Every structure is written in C-alpha cells, then in structure tokens.
Amino acid sequence: MQLPPDLRGALEDVLRETRASQLKTNAADISRRYRTPRQPNLPLLRSAEDVAAYLAVRLPATYAAVRHALRETLAAVADDWPTTQLDVGAGPGTAAWAAAATWSSLGAITFVERDPEMISLGRRLAAGASAGPLRKARWLCEDLRRLPPPAPHDLVTAAYVLGELDVAVQDRLVAQLWQASRGLLVLVEPGTSGGFARIRRARAQLLGLGAQVAAPCPHDVECPMADGDWCHFAQRLERSRLHRRSKGAELGHEDEKFSYVAASRWPVRRPEGRVLRHPQVRQGHVRLEVCGPDGLRSEVVARSDGRRYRMAKDLAWGEAMPAPGSEGEEPS
Ligand SMILES: C[S@@+](CC[C@H](N)C(=O)[O-])C[C@H]1O[C@@H](n2cnc3c(N)ncnc32)[C@H](O)[C@@H]1O
C-alpha cells in the first residue's frame, strides 16, 4: 500500500522544513516512548519536532492500518455509505484521509484533537488534499477527557488513541462515540497484546450497547481468542526515501501490525470467517487459521476441494472468507 499522491506530496512539503537528522532523533524518542509502559494520559508527542517526526514515521503506518480496517468494513456494509465523519484523537487527520480514499460519499469531516501543533500541521496537509471535504474539515481543539456529547455522524473513528487514555476515560469515550455514531464506529489500536486488549474490551462494551460487529469478526459472540494470544493483522506499506531516512531504515517497506473493531448500526453482511494468520500454501493444499461463528479453527483445504481450494489459495491474512454462495465463492 502507498499513501495517496496528494497526501504524500503535502507531507513532503511540510517535512522539508525539518532537518532529516532532527526527524531521526525525535522519531527514535517517539518509538522508545511507544515501547515503554507509561502513565496513561501522559502525552506521547511533546514538541513541534515530535509532531514532525510523527508525520514522517508514524502517519504512513497508521494510514495503512486504518485504510485496511475501513476497506474490510466497507465490504461488510456495502449498501450504506457514510456522508459525515467524526475523527477523535485525530492527530494530523490520518483516519479521514483513509476514509476519503474508501468512500467517495464523504461530504463533511469533523476532527477532535487537543494538540494545537497537530491541528496546525493537519490543516496544512489537508490544504493540499484533492478531496474537498478534507480541505473544508472542521478542527475542534478539545480534550477527550472532558468531551461534551458529540453531534451525530455516520462514521466515527478513533485510531491509535485509546491507549493514550486511562481505562475509565476509554470506557466513557467508547460509549459517547457509539452514541454519536449513526452508522459505524471504527476503533484501531496497535497490534500488540495491550492494543488488542483495549479493542476486545471496547468490542464487548459495544455489543452490550446493541452494536453489531461489521469487521473483523464474522460474528457477534464472545471473542474466542485465548488468553496470551491476540487478534491482529498486518498491512504492508511502501516507505518513501524520507521515511527511510527518518527511521534509519534500509528496507523499502514495513509491515504495520494493528487490531481493530468496526461496530455497526447498519445491516451487516457476514463472511464465513476471517483469516487470522498468513495462509500456508503447500504442494496440493492450503492451511488456514480462521475465526468463524463457531470459534477458532485450523482448516486444510485440498486441491481436490475444487473451487474452495482456488478461493483459499488467493486469501491473505486479514481477509474475509466469502460466505458460500456469495459472489466470491459459488457452492461447489
Ligand atoms: C498516536 S496519535 C494518533 C493520531 C491519528 N489518529 C493517527 O492514527 O495517526 C494520538 C493522538 O491523540 C491525541 N490525544 C491524546 N490524548 C488526547 C486527549 N485527551 N484529547 C484529545 N486528543 C488526544 C494526541 O494529541 C495525538 O494526536
């Protein structure tokens, strides 16, 4: 996956103003803070240089994760398209760039973010967007710990933000965001055991509030993931030259790991299952690890299974297995 050209161009214009060596130092600081357990509510980004480094090394990865989550959500609610979006803990507006690339129907976007530096850089990026709603978006400088009930929006997103809030604030925010959602609430967190624990907790809370899960789970029953394991996915994204330099990285790509849940008020089309690991394609068979309505299962699909084998061979980690008889798989 690549960033859309207008976002890539705007990002490079902004980052040209900061020395590459400075970006590298601050990027290293940020990544150390991400890995070190810290007090919730303590800001991760603490200076204008941190914010620039976030743009250089984290925005491409969080964009890729949110875009993946929204693409899978779109497949589950294909008959309903959002026209309004609320994105909280918006940072530089990443989740709305991903939403605008997913749904051309988006007309109005509202961001909530507490860091004025982020808002100012987010506005600068959005000024170069080809999508009008990004250029015209409303930016609200607010603290999520004291957020008044937000106005209703079709799509509500919170990406990589729950982990910056303490548990009581997370619970209150999830309830508020669901209340504000007319269609979808999509939460994305890092693909770590901690990130997944937050997603699992929010999922249970949302089911209790009457939500249906649109993605990634193909069911609304209790999450079957065993303790010590965590449900996460990976999205490969290309690194630009500046991205590589800011990270001191050689590889031309990276794999962003993330966990997510999309809760829906709209009717949901359920796949047969969700692929939870890289499928192992062997001579004459494919081994799949799948989450389905009956829990987790390992499935071996042999060449002799005909259409099912051809479908299984093309599946990737994170993709939905089409329900038998749907467009993706005809019953064999
Ligand atoms: C890791 S960044 C994620 C940004 C963006 N959602 C993305 O995916 O790239 C977390 C953002 O949440 C914001 N944030 C953290 N705590 C907040 C709070 N209490 N109120 C408002 N924003 C907050 C931070 O300022 C930061 O911009």
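Reply:
**Helix 1 against helix 3**

Helix 1 (residues 5–15) packs with helix 3 (residues 48–57) at an angle of about 145 degrees, their axes lying 10 Å apart. Here axes are lines fitted to C-alpha atoms, for helices over the stretch in contact, and angles run from 0 to 180 degrees between N-to-C directions. Helices are DSSP runs (H or I, at least four residues), strands likewise (E, at least two), numbered from the N terminus. The model is predicted: local features need pLDDT of at least 70, side-chain atom pairs count only at pLDDT 80 or more, and totals for chains, interfaces and linings use all residues. Residues are numbered from 1 along each chain as its sequence is written.

The crossing of the two helices is left-handed, that is, the near helix is turned anticlockwise from the far one by less than a right angle. From helix 1, Leu11, Val14 and Leu15 meet Ala52, Leu55 and Ala56 of helix 3; contact requires C-beta atoms, placed from the backbone, within 7 Å. By class, this contact has 6 nonpolar, no polar and no charged residues (nonpolar: Ala, Val, Leu, Ile, Met, Phe, Trp, Tyr, Cys and Pro; charged: Asp, Glu, Lys and Arg; polar: the others, Gly among them).

Among contacts in the chain with a separation of 6 or more, 74% are between residues 24 or more positions apart.

Technical notes
Contact = placed C-beta atoms within 7 Å.
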